[in-house]
Amino acid sequence: MKAYQQGWTLRRRVGALLGVVVVLLLGLAAAEAAVAAKNRENIDAVLLKTGPLRVQAQELMSVLLDQETSVRGYAVNGARSDLEPYQEGVKREQSLVTSIRDLSADYPDVRRSLELVEQQTAQWRTQVAEPVITTVERDGPEAGQALITDATRQQFDGIRTSVNTLQDEILTVREETADRVNSTSNTLVVLLVIAALVVTTAGVVMLLSLDRILIRPLAALVSQVREVADGDYRHHIEGSGPPEFRRLAEDIDQMRMKIARELDEVREARERIEWVNSQLQKQAEELTRSNRDLEQFAYVASHDLQEPLRKVASFCQLLQRRYAGQLDERADQYIAFAVDGAQRMQRLINDLLAFSRIGRLTTGFTEVDLNKVMGDVAGQTEAALQYSDAELTWGEMPTIRGEEPLLTNLLVNLVSNSVKFRRPDVPPKVHVSARLVDGEWEISCRDNGIGIEPEFADKIFVIFQRLHSKDAYPGTGIGLAIVKKIVEYHGGRVWVDTDAGEGTTIRFTLPALEADIEAARAAEAAADEDATDAEDAAEPAEAPAAEGADGDPADVGRQPDGEAREEPPAEADRHGTNGGMKETVG
């Protein structure tokens, strides 16, 4: 205290206080470490020795009961299968005894109880179990049952008593060890409390020492900063105390003035943002109302509209079947018009429902094998393919993430369109293929049909857009609109390849899996390395390129960028393969 009054510096005072605290804490830490080690040793004994000992003693009782039950069952039935629990129990008993003996090395009372159990078990097996088994094998079950008497049962009861004694000894050891754990834990807590008191006392002394020099000026500065933080950005901040605090107050005041200037700009920007948010809120409410109307329309279309429409179609068909030929030709024509109109209306409603549900009713994205999907597509379009004598082929298809029902619907629509819009006297040929382009799978559906004029390439994906009359080609005009919506729902795009030549080629993209992208990059890197090695090893005079019969370089079926060239359906048929997959109908 005298040194303090003589003017110890803050650093010297803090150093002396911290030195005393460190010495005390080091002494406490050493004591705590010793107590903690002892506590850990006791806990390990509870968890790794006495606990497993209790479990294995209980299991030993169960194993012995299984042996006794097995011997009695064998004496009753004489079946060798009844002895399997006995034989397995003997093996398990030996394993348990060995384990208990190892775990009880530090507990002599437990080991003596275990030895007594071993002796009684060996006597019972020698005097009862083995003679019964031998007698049954030699003289039959009745002779074996005669050996099982009250005396033998009492002998096994003695084993039970010895095992219970063993369990009691283990429980006693466990309780003693648990008491030691509690004792060391309490000692450790006391030491921790003492350490906390030392730290608290040191903190109080340090707080009293620093209150006047640091805490009070800092509290005054904090009070002024809080006034500014509460919104009074015009309040001037003044510092007091050490020079560091005064400089800090000046820096904070400079920051306050800068914030005050920027706050005015932020307030103006906030007003503009609030106006934009109000407009967005109105649009969101309008979109919500529109979605409700769409859901209500879907409900009405699937329930309220379909019911009277089915009734009209049914009764018109009844009129057609019952009165066909009984009225004049015009009446039959009118009835046929009514039936056709009702059926087309049903198809239109169903297609509209399917279009509106895309993206709303979702099952979640999974990994979809498009090879399997193409098999399903072939099955679903089999009737149309057979009717038109069409041929559907496809190459090796990738695996992507998406919804399998939607992707199946997409490809079914494309294949059905290719079969529908065929040339009159030419059997339809449809080929589906895929290639990896810039991290996306580009999938193509090519046919040899009537084709699409370039000026109509964008219109065919518009809902209800038809390029032909319904008498020439039936349908509702929604199929390709559904295709476009499914592709965009999966994060891709769809278009008509106007440079494909004969027939129609519709292409669409789907995001590729990361593994496919990495594999493609690795293949490109390997190809680049091979090309570099070939250039280095090449002679100055390059050999002329192989020529075809007409003197031109031979066509090796590759695109300039190294991708495999896509073949039209007719060429694929001549080669006799399409990536190992081919479906021919008709």
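Let's start at a bend: helix H4 has a kink of about 40 degrees, centred on arginine 125, where the bend at a residue is the angle between axes fitted to the seven residues ending there and the seven starting there. Keep in mind that this is a predicted model, in which local features need pLDDT of at least 70, side-chain atom pairs count only at pLDDT 80 or more, and totals for chains, interfaces and linings use all residues. Residues are numbered from 1 along each chain as its sequence is written, and side-chain values use heavy atoms, without hydrogens and water.

Helices (H or I, at least four residues) and strands (E, at least two) are DSSP runs, numbered from the N terminus. H4 covers residues 108–139, and its end C-alpha atoms lie 45 Å apart, which agrees with the 46 Å that its 32 residues should span at 1.5 Å a residue; the expected span is 1.5 Å times one less than the number of residues. Just after H4, glycine 140 takes a positive phi of about 105 degrees.

Next, look at arginine 256 in helix H7 (residues 243–323). Arginine 256 is buried, with a relative accessible area of 9%; buried means under 20%, exposed over 50% and partly exposed in between, using a 1.4 Å probe and protein chains only. Leaving out residues up to four places away in sequence, arginine 256 touches Val228, Tyr233, Arg234, His235 and His236 (contact means heavy atoms within 4.5 Å).

Finally, the largest nonpolar core has 40 residues, a core being a set of buried Ala, Val, Leu, Ile, Met, Phe, Trp, Tyr and Cys residues joined through side-chain atoms within 4.5 Å. Helix H11 gives the most to this core, with eight residues.
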